[in-house]
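This briefing is for a reader meeting the structure for the first time.

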Amino acid sequence: MFILLTQSHAEDQNPVQETVYDFTEIEHPIQPIPTLKSVNKELVLLGKALFNSPLLSKDNTISCASCHMPNFGGEDGFPVSTGVNSLKGSRNSPTVLNSVFNFKQFWDGRAATLAEQVSGPIHNPVEMGTDWNSIVNKLSQDSYFSGAFKQMNNKEITAENIIRAITAFEETLITPNAPIDKYILGDKTALSQQQVRGLELFMDYGCTTCHQGINIGGNLFQKFGRISDIPKNLLTDLGRYDITGDDYDKNVFKVPSLRNITQTGPYFHDGSIATLEEAVTIMARSQLGRELSPSELADIVALLHAFSGELVEIL
Amino acid sequence: MKLLKYLPETFCLLTLLTCSTLLSYTQYLDGKLHNTREQLSKLENLLPQFQIQLLNVNFSDHLHYDDIAQLESQIEMTLSNMDQGTEHAQLVKSYLDLSSLYIQLVSMTKTSLRLISSDKVHSDNVAKDKVTELKQLIFKFTITPQDKLRNEISTLLAQTNNANNANLNKNDWTLFTLHTNFILDNYQTSAMQRQSLIVLPVVAKTIEAIDEQYARQAELKRNELVGFSGCVISILLLLLVVLKKQQVVLKTTSKELAHAANVKSQFLANMSHEIRTPMTGIIGLVELSLKSNLTEQQRQYLEKVDFSAKSLLTIINDILDFSKIESGHLHIEKVPFEHAKLIDNLTMMLGRVAEDKHIELLFDISPNIPDSIIGDPVRINQILLNLLSNAVKFTEKGHVVLRAELQNEDGQDFLTYQIEDTGIGLTAAQQSKLFQRFTQADEATTRKYGGTGLGLAITKLLIDLMQGRIDIKSRIKQGSTFTVRLPSAISHTNKPNKTSYKGLKVLLLEDYPLSQEVIQNMALYFETEIDIASTVSEAINLVSVNSYNLTLVDWNLKTESGIDFINKVNSHGFKTGLLVICSAYSKEYIQNSSGIQFSGDYLSKPLTLAHFEEVLDKSKHRNATDYIPPKLITKTAVKPTTVTEKETTPVKQQKVLLVEDNEINQIIVTEILSNLGLSVDLATNGEEAIEALNHNQYKLVLMDIQMPVLDGIEATKILRQQHTNEELPIYALTANVTEEDINNYTKIGMNGHLSKPYEQQKIREVVSLYYQITNDNPDLII
């Protein structure tokens, strides 16, 4: 009887050391990628192992890293990725690099956080096609993982703890020190003359309307073909409308980050555009109503090369 | 029936169950509420920040949306930790959705306006004018987005397009047209959205929701309180019910127990009575038999029967008393009685026992106790007898004192008795259970001292019955003091006038300081002069120079006896006045045991005031010179004459010199040797032995080692200077027979040793080396 009286409602909130960044804010549409201040190394290591483990897929064939290769732009280079049983997905793999700075995850922004995102591919039948119970079972039987979890303050293998580890790893996948960051932080030699011209056009012509902030994108939704016509094939995917059913959300996608854009082709949500030139041309036309001259196009594409940074080595 | 019996408990338990469920449920809700409130507070903080950022989005210096995106994320996270179904959560959600749409449009319109204003789309003046007019109209529209203005701009745009098609840079014009159209299509929408975002009461609703949470929490607290107090009350009720039931059960049980105890006591009383009747018969008949002609053996047997029977009777009496008191059948009488007689009675019953143990038993009875007191003399006697006999029983040396006086407190008279002993004492733990029946201080004591353990329990009960009090002070190995206070009434206060014996002179020969003190106090009371001597020689000195009316002589002194004093008085012809022998032994006993017949007065110890007065009175009527000293007539020759008294005798071949200070040992060895046909000359120390050897020759000296004046070792050393061990064999009589000791005896020239306790056979063997043994009687019992 007294047990009922003394019931406690305090939940277990284990304070896990979180990833801390050192942000620098400047007067510019584009903001530099922050530096990593501190991480929970053990957790990150475990997260990395989980990220690379095929045990997280139904038939132990693919891992997170199969489609999101951190050293290759954070994705796989295919228009759409191949999941378990060689099933094809319907959208281009978004890069995992700098994804922590996106305001939402997935093309349609259906996940608010990285932690929320993890469950998506796990359950998607054309991606990893499994569920947490199976994964927990498999990991418990694995000698490395059962030991590694035990070392983490004797943590149990649970979906929550797996997600926590993977998220911690993903939080370290950032690419600071891109030429553009160095430039806007004051190193005027970081960009070539052509790239400086490209940056002026990028801002003057209104690209920074959507592609701004730390991720040069990734912080708002925008509609495909806002100003002018767009190739019909790009409009078959209704994007955010599929989630909200709201007419306003037809063909609305999360503005993708342009960080490391040279490594993340092919482009757009369906990976249907192979080159940056094509992509820039379509964007200028449909989103801003502008036809770019060849030199302008070359300048802007040159600038896009300055958006690639270096993957942080933490361990 | 059974169910009904447990109805109150069931009711309490059900109430407890209900209340505790309520309590834990409210606590659960409280936890949830707490969480919700926390999230709401976060929202209360985040939403205004978000709102400000949102309304700044259309400003040209708002370069990027990281901040607002971050705030939006935080708000969404907060929302996801809350109940999504509430009206408030829905409102916040729709607010966020709207804001998302607004940002999409406003970020574009901002760019469109910038592009329109900066682009050079004209090539001639007409076109330039038109474009300028269009730009003005568009800015006007952005300030007041009305349909009329929109139509106007649309028309103008179409006209310009048609009229100046050729004059316009196609690329620039297309850009201009597209963005103008975008503004026309969307600006009103975005303005409306902005308006909606401003008016949506999202912050107010949040605050409202917080208030609501507080209200709910207050309600919850009330419920929690109800639940908690319900729990407490039902637990208390349950306890109460259980205790009440227990009480009822206990009451019944105690009634049954009381009845059972009563039956038991009654049974004991009856049994004791039934046993006592035949016991009395036994004792009476034994006493009669003892008066008839009996052989020595028969007499011994019967005396033992008598003793055993009386012991048994005592125990039975105790049990009877105890059960009587327990069953409430013991009645305390209130009759007038003579206190002095009561004390006299105690003297008779205890004096002898104490004297046998060589303990001083003293009565220090205050003269303020009147002759007649109202009370129960039998029971007071029983109390005192119990305490005193206990004291004597547990005291090995020293004294037992009974002090009595009358005290008055708040008009009430109390008889206060104090029984002090120098016995084994009691620990605090032993004191605490001293008055429980059938217990003695400890098991070991019980074995050593025997007894039923009823005595003190009865004493306590009797004192309780008299509304008295008993206290004990005791220190282990130092002794105990029992103090008894009994409320009493004085039957008549007018004590007969005290006779003064002023002018009489008393001499006291007594070696125990406390006894001296007590008798001195008595003398003071009677106003007589008193001189005190501790030894015979002191007394002789006093007698030689003073003249006394009365001389009190203690029979048992430390090393001497009353006889020594009388002998010396007689031999010197001193006057002692009335000479009174004091002893706890009866006169007859003294005469029998000492073998001396003495004429003269006798007082039993412990001395009482009344007895003292008696002898004072007697002495008053005589002159000191009138006194005829008591004659000592030696009845038998059992007691050996001492060497000092002995005249020089011729050498006797059958004589042994025994050097021994202990009287009992003297008797035993003398007995053994006389059984062997030898006579004994006695020396009580080494000096006397040397003296004796100067006058006499002995074939054998038996020498005790530890003696006063000159011990056996030193005496032997001196003797060996004159006599070799062949001329004079000396044997040690000693309890010290370690190898070291024996070596020492040999070294100083002793011929051998005889160990204590004495072994008759050994003595015989040694003696036979030097004497012709005539009367060999090995059956002698020692």
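This is a predicted model: local features need pLDDT of at least 70, side-chain atom pairs count only at pLDDT 80 or more; totals for chains, interfaces and linings use all residues.

Contact means that heavy atoms lie within 4.5 Å. By that rule, and not counting residues up to four places away in sequence, B:Thr551 touches B:Leu507, B:Phe565, B:Thr576, B:Leu578, B:Leu579 and B:Val580.

**A buried residue in chain B**

- B:Thr551 has its place in strand β11 of chain B, which covers residues 550–554.
- The relative accessible area of B:Thr551 is 0%, and this residue is counted as buried because the term applies to values under 20%.

**A buried residue in chain A**

- A:Asn102 is found in a loop of chain A, between α3 (64–67) and α4 (114–123).
- Although A:Asn102 belongs to a loop, its relative accessibility is 13%, and so it counts as buried.
- Leaving aside residues up to four places away in sequence, A:Asn102 touches A:Asn215, A:Gly218, A:Lys254 and A:Ser257.
- With A:Asn215 there is also a polar contact, in which the side chains of A:Asn102 and A:Asn215 are joined at 2.7 Å.

**The interface of chain B and chain A**

- The size of an interface is often given as the accessible area lost when the parts come together.
- Between chain B and chain A the buried area is about 3,300 Å², and carbon and sulfur atoms give 58% of that area.
- In terms of residues, 37 of chain B are in contact with 40 of chain A.
- Two salt bridges are found by the rule across the interface of chain B and chain A, including the one that A:Lys104 forms with B:Glu76, where the closest N and O atoms are 3.3 Å apart.
- There are also 14 residue pairs in polar contact between chain B and chain A, counting pairs in which both residues are at pLDDT 80 or more.
- On the side of chain B that touches chain A, at least two residues each come from α2 (7–56), α3 (66–80), α4 (87–118), α7 (170–199) and α8 (202–291) of chain B.
- Among these, α4(B) gives the most to that side, with eleven residues.
- Sorted by class, the side of chain B that touches chain A has 18 nonpolar, 13 polar and six charged residues.

**Cis peptide bonds**

- Most residues other than glycine have a negative phi, and most peptide bonds are trans.
- In chain A, the peptide bond from A:Gly265 to A:Pro266 is cis, with omega near -5°, and A:Pro266 has its place in the loop between β4 (252–254) and α11 (276–288).
- In chain B, a cis peptide bond with omega of about -5° joins B:Lys605 and B:Pro606, and B:Pro606 is found in the loop between β14 (601–604) and α19 (609–620).

**Residues with positive phi**

- A:Asn177, a residue other than glycine, has a positive phi near 65°; A:Asn177 lies in the loop between α7 (159–171) and α8 (179–184) of chain A, and is partly exposed, with a relative accessible area of 39%.
- B:Gln467 is not a glycine either, yet its phi is positive, at about 60°; B:Gln467 is found in the loop between α14 (455–465) and β6 (469–475) of chain B, and counts as exposed at 64% relative accessibility.

Technical notes
Residues are numbered from 1 along each chain as its sequence is written. Chains are lettered from A and ligands numbered from 1 in the order in which they are written. Side-chain values use heavy atoms; hydrogens and water are left out. Helices (H or I, at least four residues) and strands (E, at least two) are DSSP runs, numbered from the N terminus. Buried means under 20% relative accessible area, exposed over 50%, partly exposed in between (1.4 Å probe, protein chains only). A polar contact is a pair of N or O atoms within 3.5 Å; within protein, one must be able to donate a hydrogen and the other to accept it, and residues adjacent in sequence count only if both atoms are side-chain atoms. Buried area is the accessible area (1.4 Å probe) that two parts lose on being put together, summed over both. A salt bridge is a side-chain nitrogen of Lys or Arg within 4 Å of a carboxyl oxygen of Asp or Glu. Ala, Val, Leu, Ile, Met, Phe, Trp, Tyr, Cys and Pro count as nonpolar, Asp, Glu, Lys and Arg as charged, and the others, Gly among them, as polar.
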